[in-house]
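Biologist: I would like to go through this model feature by feature. Please give the rule for each reading before the case.

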Amino acid sequence: MTIKLQGDVEQGEIIGLEDLEKPLILGEKIVVINDDNETDQDQESTGSIGMVLLCTFVAVCGSFEFGSCVGYSAPTQSAIREDLNLSIAEYSMFGSILTIGAMLGAITSGRIADFIGRKGAMRMSACFCIAGWLAVFFSRGPFSLDVGRILTGYGIGVFSYVVPIFIAEIAPKNLRGGLTTLNQLMIVTGSSTAFLIGSVITWRGLALTGLVPCIFLLVGLCFVPESPRWLAKVGLQKEFRVALQKLRGKDADVTREAAEIQVYLENLQALPKAKLLNLFESKYIRSVIIGVALMVFQQFGGINGIGFYASETFASAGLSSAKIGTIAYACIQIPITMLGAILMDKSGRRPLMMISSTGTFLGSFLAGTSFFLKGQGLLLEWVPILAIAGVLIYVSAFSIGMGAVPWVIMSEIFPINIKGIAGSLVVLVNWSGAWAVSFTFNFLMDWSSSGTFLVYSGFSVLTVLYVAKFVPETKGKTLEEIQKSINS
């Protein structure tokens, strides 16, 4: 799954990514000097981080839930189809309709989070997910399955926006980067956990496990403060200071940070509101094309088809136990994702995407070759080995780069005044691609298993060529330098 969806989802007219930037944009530019010349970071690091860590732990329960929903369909496909007598079309709709719900959640998430607060949005999302999982658990046919799936999709669509927003808004600057990476890591962990547990329990039992992170989240939210930045934005000044003090520790001096937040909000409100047509102006169009193209390449490389239906893919290749492949798939995601996070700022964005896409090409090509050999009746003993090797190489390569880097690039190439609307467009493209790939995967596999993976490998080749030709390196560059590089 595109695991970085979380960071840039948007809404409204289309509005929203500006919220994600609130704790990030002007914090480095506003300098408030007091008598002891203490820096902001020194001041923040002296406060207690216990409440910040608790807030983060509670919030990433939503990220874990996101991963649980994404990983549910892979280990359960054969059991659900057998128990409920579903056709390929009905199960493909069940698997892919999650992305339709997530798209709706993404579009409305910003307005919801602004209207009822970050905590309120997370509570609402958890309730949608609980209702969805219960509908899946009690299902006796495709209709209730689809209703449950779309409800959980809507919940994770809102989670994908509000969780990283909340973490970024409550974390001090010196901890923000490390804490926000937990969001990505917990999504992958939730997906891998669903793969593993789904290999040993029934599909109805796996649906009930999806309730656990929601319950932890709902209970935990009773013990953590609301985002101070949201409280300041809606004019709750007393509550704003109380929440900020609680996050930084009772003895911390929060005067400077409170002033920075207030100045930032005033500057943000002074910015002109961008319209959709503004994206087609010559100074923005190249950034928009790059953002959209990276999401198209990310999705049409096949990640959601391969990930959503991994177990059945292994079974189709003749693996004696599809569970073995599914467990290996689950175990490899977490360490590779952690490695990718480490390499992102060391190797740069462009090299990591090109290496990642080369790996997804190799993985897809090997998987396609295995199905070709099976169809021709050649080297049949090698078919399962090539299939599982191909899929594992694919998911490893995707996790190390193409899963996260396009979202990082997107957050860096758009100027602040169009970031909300441009990010919304890019996220809409991403979710649309996710639906298209996850819905068509089973049909394509019926058409030609080898052809399906060769199509995905073709998109991987195009990704390498496009990144090499058109995508600028953004590592270590200012926004102005990035814009100059794009428009030159």
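Biologist: What share of the contacts in the protein with a separation of 6 or more comes from residues 24 or more positions apart?

Modeller: A contact means heavy atoms within 4.5 Å. Residues 24 or more positions apart make up 84% of the contacts with a separation of 6 or more. This is a predicted model, in which local features need pLDDT of at least 70 and side-chain atom pairs count only at pLDDT 80 or more, while totals for chains, interfaces and linings use all residues. Residues are numbered from 1 along each chain as its sequence is written, and side-chain values use heavy atoms, with hydrogens and water left out.

Biologist: Which residues does K283 touch, not counting residues up to four places away in sequence?

Modeller: With that exclusion, K283 touches Q483 and N487. The C-alpha atoms of K283 and Q483 are separated by 8.6 Å, although the two are 200 residues apart along the chain. K283 is found in helix α13, residues 282–300; helices (H or I, at least four residues) and strands (E, at least two) are DSSP runs, numbered from the N terminus.

Biologist: How many helices and strands are there in the protein?

Modeller: The protein has 22 helices and zero strands.

Biologist: How far apart are the end C-alpha atoms of helix α5?

Modeller: The expected span of a helix is 1.5 Å times one less than its number of residues. Helix α5 (residues 88–137) has 50 residues, and a straight helix would reach 74 Å, but its end C-alpha atoms are only 20 Å apart. α5 bends by about 115 degrees at G117, the bend being the angle between axes fitted to the seven residues ending there and the seven starting there. By contrast, helix α21 (residues 449–470) reaches 32 Å with 22 residues, close to the 32 Å expected.

Biologist: What percentage of the 488 residues is buried?

Modeller: Buried means under 20% relative accessible area, exposed over 50%, and partly exposed in between (1.4 Å probe, protein chains only). Buried residues are 58% of the 488.

Biologist: Which residues touch the most other members of the largest nonpolar core?

Modeller: A nonpolar core is a set of buried Ala, Val, Leu, Ile, Met, Phe, Trp, Tyr and Cys residues joined through side-chain atoms within 4.5 Å. The largest has 110 residues, and Y72, I80, M122, V162 and Y329 touch the most other members. Helix α5 contributes the largest share of this core, 14 residues. Apart from it lies another core of 11 residues, including V254 and Y264.
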